[in-house]
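Open the model in your viewer and keep the selection tool at hand. The stops below go from the whole chain to single residues.

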Amino acid sequence: MSLTAITFFERFEADILSGKKTLTIRDDTEKDFLPGSIVQVSTYEQNRWFCVLKIESVEAILFSDLSDIHAKQENMTLSALKNVIKEIYPSISHLYVISYKLIKEKVL
Ligand SMILES: CC(=O)Nc1ccn([C@@H]2O[C@H](CO)[C@@H](O)[C@H]2O)c(=O)n1
């Protein structure tokens, strides 16, 4: 079964809703998203729904192969991105780049 929901840390919500952040990097527990599928998005902290994303692609990547291109799509510098990933996934080198498109913004 492919995954149909994802959580993000609250601090990334604004960047996702403004379209500045168009990918996320996860470990193998969160790699089973089907390209083209619709995913419900909530905050990690409160499980508060905030948007819908459409998965564009899921690609394996090694931590050491992360580049400025990934960082730009995360709206971060490469060193900031690497630090974030090291905090969330300490000592994991096999990761997955999940790219997505924002298809529904929060209705105010
Ligand atoms: C809440 C939860 O379960 N896990 C994660 C895991 C990752 N991320 C973000 O994805 C990018 C690369 O990892 C960075 O922007 C991360 O901060 C996140 O927001 N939430």
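What radius of gyration would a compact globule with 108 residues have, and what does the protein have? For a compact globule of that length the value would be near 13 Å, and the protein has 13 Å, so the two agree. Keep in mind that this is a predicted model.

**Whole chain**

Show everything as a cartoon. Along the principal axes, the C-alpha atoms fill a box of roughly 40 × 30 × 25 Å. Three helices and five strands make up the protein, and their order along the sequence is β-α-β-β-β-α-α-β. Of the 108 residues, 11% count as buried. Among contacts with a separation of 6 or more, 71% join residues 24 or more positions apart.

**Residues 6–104**

Select this range next. The UniProt record, an unreviewed entry, places the feature "domain: ASCH" here. The range is 22% helix and 38% strand, and its end C-alpha atoms are 15 Å apart.

**The nonpolar core**

Select I25, F33, V41, L53, I55, L95, V97, I98 and Y100 and show their side chains. These nine residues form the largest nonpolar core. Strand 4 (49–62) and strand 5 each supply at least two residues of this core; strand 5 gives the largest share, four residues.

**Around the ligand**

Centre on the ligand and select T7, F8, F9, F12, T24, I25, R26, Y44, E74, V84, I85 and I88, the residues that surround the ligand. By class, this shell has eight nonpolar, two polar and two charged residues. Which elements each supply at least two residues of the shell? They are strand 1 (5–8), strand 2 and helix 3.

Start with G19, in the loop between helix 1 (13–17) and strand 2 (23–26). Is G19 buried or exposed? G19 counts as exposed because it has 11 C-beta neighbours inside 10 Å, and 12 or fewer is the cut-off for that class. Draw a distance from the C-alpha atom of G19 to that of I69: the two residues are 50 apart along the chain, and these atoms are separated by 16 Å.

Move to N75, in the loop between helix 2 (68–73) and helix 3 (78–88). N75 has a positive phi of about 60°, although it is not a glycine. With 18 C-beta neighbours inside 10 Å, N75 counts as partly exposed.

End at S91, in the loop between helix 3 and strand 5 (94–104). Phi of S91 is also positive, near 60°, and S91 is not a glycine either. S91 counts as exposed because it has 6 C-beta neighbours inside 10 Å.

How values were computed: Residues numbered from 1 in each chain as written. Predicted model: local features only at pLDDT ≥ 70, side-chain atom pairs only at ≥ 80, totals over all residues. UniProt positions renumbered as here; feature names shortened; annotations may be inferred. Buried ≥ 20, exposed ≤ 12 C-beta atoms within 10 Å, placed from the backbone. Rg over C-alpha atoms; globule rule 2.2 N^0.38 Å. Contact = placed C-beta atoms within 7 Å. Near = placed C-beta within 6 Å. Nonpolar A, V, L, I, M, F, W, Y, C, P; charged D, E, K, R; others polar. Core = buried A, V, L, I, M, F, W, Y, C linked by C-beta atoms within 7 Å.
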